[in-house]
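Trainee: Could you take me closely through one part of this model, the strands and how they pair?

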Amino acid sequence: MDPARRRDTLLWQFAELTHAGHGCAPDDYWGLHRWSISEPGPFWSTVWDFCGVIGDKGERLLADGELMPGARFLPDATLNFAENLLRLDGPTDAIVFRDEAGARRRWSWAELRATVSRLQQALLGLGVGPGDRVAGMLPNLPETVAMMLATASIGAVWSSCSPDFGPRGVLDRFSQIAPKLFVTVDGYHYNGKAIDIGATVAEVAAALAPARTVVIDLLGRAAETSTRIAGAVTLSAFLAPHAAAPVRFTRLPFSQPLFILFSSGTTGKPKCIVHSAGGTLLQHLKEHRLHCDVHEGDRVFYFTTCGWMMWNWLVSALGCGATLCLYDGSPFHPAPTQLFDYAEAERFTLFGTSARYLDSVRKLGLKPLETHDLASVRAILSTGSPLAPDCFDFVYANIKPDVHLASISGGTDIVSSFVLGVPTLPVWRGEIQAPGLGLAVDVFDEDGRPMREGKGELVCRAPFPSMPIGFWNDPDGARYRAAYFSRFAGVWAHGDYAEWTAHQGIMIHGRSDATLNPGGVRIGTAEIYAVVEELPEIDSTLCIGQDWEGDTRVVLFVKLVPGAMLDEPLRLRIRNAIRAGASPRHVPAKLIAVADLPRTRSGKLTELAVRDVVHGRPVRNIEGLANPEALKLFENLAELST
């Protein structure tokens, strides 16, 4: 990065501000990181001050800091999450919205405040108060953001999923939290189709029996949909009695519940993960400002649905005074350049997406560097799965050569990242740059010993503010502790298979529970994907370990690009590529072509579900999958019987 640009970053300013605490130069990220984890109370207190958090910080910075779980950050603080996001007013853009069907909308900060005010009054009129749940089955709309902010403004708890879920998938999530209000739409657009979900909405609303169901009109059928549901109204009717007024913010404790997020549910009923207002706000502001260098007036985009934690993360950029750029629909409809067209037109400064999207752009042969003016884009973020080394090459060669490319990894469990980008450090091909400030990230071997070399379990050795409050309906915390702290006492085990790099960065090799173990040697599935998916004939791959003759054998399923065939020459090239790019132990015993690969609704491969099908075990919560019909492709395969 250009030295002048590094000095202009908010991270550089933060390092200068905190120099007295750590004594390090502003370009010494590692010194700053050591201070941030050795002095967590002063560090997070300074984040509060630097980011201008609105509220009362209180006297104590950290209570019970030796407990994990159990530590309490800023235990005397009071704040309101929505107040901190609605910090601006006036005619400039707060939200810009596009969808694949051609809708174009803008909300100024004044319009956003006015809508939040009217929604807040309607919620209060319904009797919604602190701790009550509001559930949204919604697309990525401006109204979705406003509804979340109105919910948070009174201390109620927001939970959301995307409208492509079937009834069972929605009820598996929302029935556990008993929402007082259910907000939804009459339908949505995807890949050129208008999809009516009136029947799903009616079934879900009848089962949830909330005090009120509100239907947003997207397809012109909201009035019709609402007449089929007892106690349902359209959004316009819900707001009609209320005129805009100043928004009232209820300041509540730092640990007040804010969000309920759900695990993917591919290994059982989704866990209801409860996140706090204070912890989420501090962590998101730290990531946006210090790690992503988001300034007031920036324009922040992330391709996401409301069923993925990246939506919650995206919306928090309002707290930096940034404009949200929302998109709903297929990223490749009506044209493959859809998102780059949007980025150019609206002058994105941060372009966030998934590793799968970038790989798809690469395989489509797009070269935005030659076709689009992306001068405004300072950062490209990628998450959802490890970003392969060749995708790093592609971004710098064909999208933007001077961009900060940040692969990030964390998850729903912490509604943020453990490891992510650092705008003052070099970007190394195939690597995540560093652990986040305030996060004592490490890699442990199976006996709980730190590893500086080799692959092991990604852990966090000390508490941090965005740890969940707990799980919903888990009064003694037993399920919460079992999920993260049963592997290593007093240490968060995240479930990722990872290793340190020579540059102090991190590489993620897949989920720990999906690692392969042929001959007793652990292999990360992402290592295989990164090698094979460079081949032009390969669309995507999925790898499992099949129990076979007292051991585990590696089975690789490949989805080919149209027109390609898994003939013997391609099989040989795949095996040779894996042998050369990974190791001989990674070479699959079986190589099978399939028409599709199952993924979660956030686009992640579901190795565990395929492994269950192959072994004849039931797959729990199929509603957690975006394409559950793909699982049938793996049933009773003759190739796996010999």
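Mentor: First, some ground rules. This is a predicted model, so local features need pLDDT of at least 70, and side-chain atom pairs count only at pLDDT 80 or more, while totals for chains, interfaces and linings use all residues. Residues are numbered from 1 along each chain as its sequence is written, and side-chain values use heavy atoms, leaving out hydrogens and water.

Start with the open sheet. Three strands make it, in the order E22-E23-E24. A strand is a DSSP run of E with at least two residues, and a helix is a run of H or I with at least four, both numbered from the N terminus. Two strands pair if DSSP finds at least two bridges between them. In this sheet the pairing is antiparallel. Which strands sit at the edges? They are E22, residues 409-411, and E24, residues 434-435. Each of these pairs on one side only.

Now look at E22 and E23. Strand E23 covers residues 416-420. Three bridges join E22 to E23, and the two run antiparallel. Find Ser409, then look across to E23: its bridge partner there is Val419. A helix also packs on this sheet: H13, residues 277-291. H13 touches E23 and E24, where contact means heavy atoms within 4.5 Å. The direction of H13 makes about 35 degrees with that of E23. Such angles run from 0 to 180 degrees between N-to-C directions of lines fitted to C-alpha atoms, for helices over the stretch in contact.

Move along to strand E28, residues 492-500. Is E28 enclosed or open? Nine of its nine residues are buried, so E28 is largely enclosed by the rest of the structure. Buried means under 20% relative accessible area, with a 1.4 Å probe and protein chains only.

E28 has bridges to E26 and to E29. Take strand E26 to begin with, residues 456-460. Four bridges join E26 to E28, running antiparallel. Pick out Glu457; in E28, Tyr497 is its bridge partner.

Then turn to strand E29, residues 506-511. Four bridges link E28 to E29, and these strands also run antiparallel. At Trp500, look across to E29 for the bridge partner, Ile506. Together, E28 and E29 form a hairpin, with five residues between them. Stop at Gln504 in that turn: it has a positive phi of about 70 degrees.

Terms used:
Buried < 20%, exposed > 50% of the residue type's maximum accessible area, 1.4 Å probe, protein only.
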